[in-house]
Amino acid sequence: QVQLVESGGGLVQPGGSLRLSCTASGSILSINRMGWYRQAPGKQRELVASITSGSTNYADLVKGRFTISRDNAKNTVYLQMNSLKSEDTAVYYCNALAAVTSPYRFLEVWGQGTLVTVSS
């Protein structure tokens, strides 16, 4: 009932920047929280950043380099990634907690993932 479509991944050199986007669609009444997670090869998926109507939250490893923002009218969340490092290489997943209709309930939804590779 809710789909998340991500875009913006790719190859970038160390020190470079990328901007990820994720748009939610479907039978959405509201979205409580949106966020980005990442999973590097051989590692567990970890939270990168999340945003609600009133606050943002960042993993310590990305504070000061990444910025999460949200366009509520478009049901879209962005992740601006600056000063990228090789250790930021991972598949980045969008996540959303949405209130949906028919029947009314909350759903946690994941995107398909977009690969970010930081390499010279």
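This report describes salt bridges, a pocket, a surface patch and some backbone features of one structure.

## Basis of the model

The model is predicted, so local features need pLDDT of at least 70 and side-chain atom pairs count only at pLDDT 80 or more, while totals for chains, interfaces and linings use all residues. Residues are numbered from 1 along each chain as its sequence is written, and side-chain values use heavy atoms, with hydrogens and water left out.

## Salt bridges

Five salt bridges are found in the whole structure, a salt bridge being a side-chain nitrogen of Lys or Arg within 4 Å of a carboxyl oxygen of Asp or Glu. One of them joins the side chains of R33 and E108, at 3.6 Å from N to O. Because R33 lies in strand β4 (residues 28–39) and E108 in strand β10, this pair ties together parts that are 75 residues apart in sequence; strands are DSSP runs (E, at least two residues), numbered from the N terminus. R33 is partly exposed, with a relative accessible area of 24%, and E108 is partly exposed at 46%, where buried means under 20%, exposed over 50% and partly exposed in between (1.4 Å probe, protein chains only).

D88 and R65 form another salt bridge, with their closest N and O atoms 2.7 Å apart. D88 lies in the loop between β8 and β9 and R65 in the loop between β6 (56–58) and β7, so the pair ties together parts that are 23 residues apart in sequence. Both D88 and R65 are buried, whereas K63 and D60, which also form a salt bridge, are both exposed. A network of salt bridges links R38, E46, R65 and D88.

## The largest pocket

The four residues of that network, R38, E46, R65 and D88, are also among the residues that line the largest pocket. A pocket is here an open set of points on a 1 Å grid over the protein atoms alone, where a 1.4 Å probe fits, with protein on both sides within 12 Å along at least five of seven lines; lining residues have an atom within 4 Å of a point. The volume of the largest pocket is about 210 Å³, meaning the space filled by probe spheres set on the points.

## The loop between β9 and β10

P103 is placed in the loop between β9 and β10, and a cis peptide bond with omega of about -10° joins S102 to P103. Y104 is in this loop as well and counts as exposed, at 55% relative accessibility.

Definitions and conventions: Helices (H or I, at least four residues) and strands (E, at least two) are DSSP runs, numbered from the N terminus.
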